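The following account considers a protein chain as a whole and then turns to its charged side chains. Please keep the sequence and the structure in view while reading.

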Amino acid sequence: MSKASARMSSPRTSEARESFSDKTPSELVRLLIRGEDRVPRALIDECAQRGEAMLDELDAILQKDYYWGDDLGLGEWWLRLHAVMILGLMPHETAGELLVGYMERMDGTGDEDLDEWFFGYWPALFRNKPVTIVPALRAFAEDVARDVFLRANAINAAIALSEWRSPAALDEALAWAAHIAFDDDEDDDVRMLTGSTLLDYARPEYREGLEALADVELGFTAVFTRDEIEQQYAAGPGEHEWDRLSDPWSFYTPDAIAERQARWTQEELDSGEETFEDEPGETYVRPSPKIGRNDLCPCGSGKKYKKCCMPQ
């Protein structure tokens with residue numbers, strides 16, 4: 001049987017119709033590994049409902065160096081993504097702390113494939129967390145040794161979480177973000193990405209700083225111009241990226257699962273790679289598209305892939 005046929009007819013897709021209520025947390029983790037990128041939403045929801053017992057399992061994954069090394073099976077690679085998705089559904093402070101821990105681990109591995117799946121989605125993952133998690137997000141965002149894109153995502157998550165709590169909390173969060181955006185000693189990419197978020201709010205007190213930032217040559221992350229600032233302030237506050245990227249769990253819809261399998265198969269056909277089965281019932285699935293996060297988007301928009309059609 002061909003790889004494509006094995007993938008599309010995999011018995012693992014039938015698990016979406018099964019009940020997982022009789023499984024232990026450890027057994028649920030094994031099902032996550034077995035399911036690779038075809039895990040059904042019902043399994044993710046069951047894990048999120050297990051509370052502290054599942055938090056312990058997810059913490060063990062976070063702490064075990066093996067899961068953050070290079071010698072991972074595909075199911076184990078995808079397990080880290082599922083762990084973050086589950087934590088995003090759990091409205092506990094501990095879940096928020098673990099999410100920050102996963103950001104730290106992802107930064108330490110430098111796994112851009114994993115980073116790409118969550119780019120822009122971190123505010124949604126933190127949305128149901130208590131505001132007490134904001135200091136941890138800020139501490140990560142202020143760490144200049146961290147990956148610039150993860151830092152920018154942490155900044156957005158901290159701002160969004162503050163906005164969802166109160167107007168006063170938002171005011172304070174924007175002032176904190178402005179300090180980063182307008183700091184000449186800060187990383188240029190972080191400054192521009194943070195400035196882009198500030199621009200969405202079109203606050204008068206930040207206009208002069210944004211205009212100065214637009215005049216600086218900062219490379220590909222120069223994502224707004226003076227003309228765009230003029231337009232945004234004329235229109236007033238606009239939609240935030242996290243309003244558009246509010247449902248990372250759409251990853252688990254049947255349509256999304258089927259689309260991924262078709263995409264992996266087409267990529268292999270286009271590249272001339274041989275298809276193969278690791279063992280009966282197990283198939284190779286590419287973790288992510290070959291397009292780099294900083295490549296031009298293939299849709300022809302002229303934008304970077306991560307800011308346009310990067311897979312959701």
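**From the whole chain to its salt bridges**

In this predicted model, residues 24 or more positions apart account for 68% of the contacts in the protein chain with a separation of 6 or more. Of the 312 residues in the chain, 50% are buried. The protein chain exposes about 14,000 Å², and carbon and sulfur atoms supply 48% of that area.

Charged side chains are the next topic. Side chains of opposite charge can pair when their charged atoms come close. How many salt bridges does a search of the whole structure find? The search finds 19, and several of them are described below.

One of these salt bridges is formed by the side chains of arginine 260 and aspartate 37, with an N to O distance of 3.2 Å. Arginine 260 belongs to helix α16 (residues 254-271), whereas aspartate 37 sits in the loop between α2 (25-35) and α3 (41-48); the pair therefore ties together parts that are 223 residues apart in sequence. Are these two partners buried or exposed? Residues under 20% relative accessible area count as buried. Arginine 260 has a relative accessible area of 1% and is therefore buried. Aspartate 37, at 0% relative accessibility, is likewise classed as buried.

A second example joins the side chains of arginine 80 and aspartate 111, at 2.8 Å from N to O. This pair also links distant parts of the chain, since arginine 80 is in helix α5 (residues 74-89) and aspartate 111 is in the loop between α6 (93-109) and α7 (112-118), 31 residues apart. Arginine 80 is buried, its relative accessible area being 2%. Aspartate 111 also counts as buried, at 15% relative accessibility.

Salt bridges can also share partners, as they do in one further group of residues: Arg207, Glu211, Asp215, Arg226 and Glu230 are joined in this way into one network.

Another salt bridge brings together the side chains of arginine 50 and glutamate 46, with 2.8 Å between N and O. Glutamate 46 has a relative accessibility of 14%, so this residue counts as buried.

To return to the pair described at the outset, the salt bridge between arginine 260 and aspartate 37 has a buried arginine and a buried aspartate.

Methods. Residues are numbered from 1 along each chain as its sequence is written. This is a predicted model: local features need pLDDT of at least 70, side-chain atom pairs count only at pLDDT 80 or more; totals for chains, interfaces and linings use all residues. Side-chain values use heavy atoms; hydrogens and water are left out. Buried means under 20% relative accessible area, exposed over 50%, partly exposed in between (1.4 Å probe, protein chains only). Contact means heavy atoms within 4.5 Å. Accessible areas come from the Shrake-Rupley method with a 1.4 Å probe; for residues, only the protein chains shown count as cover. A salt bridge is a side-chain nitrogen of Lys or Arg within 4 Å of a carboxyl oxygen of Asp or Glu. Helices (H or I, at least four residues) and strands (E, at least two) are DSSP runs, numbered from the N terminus.
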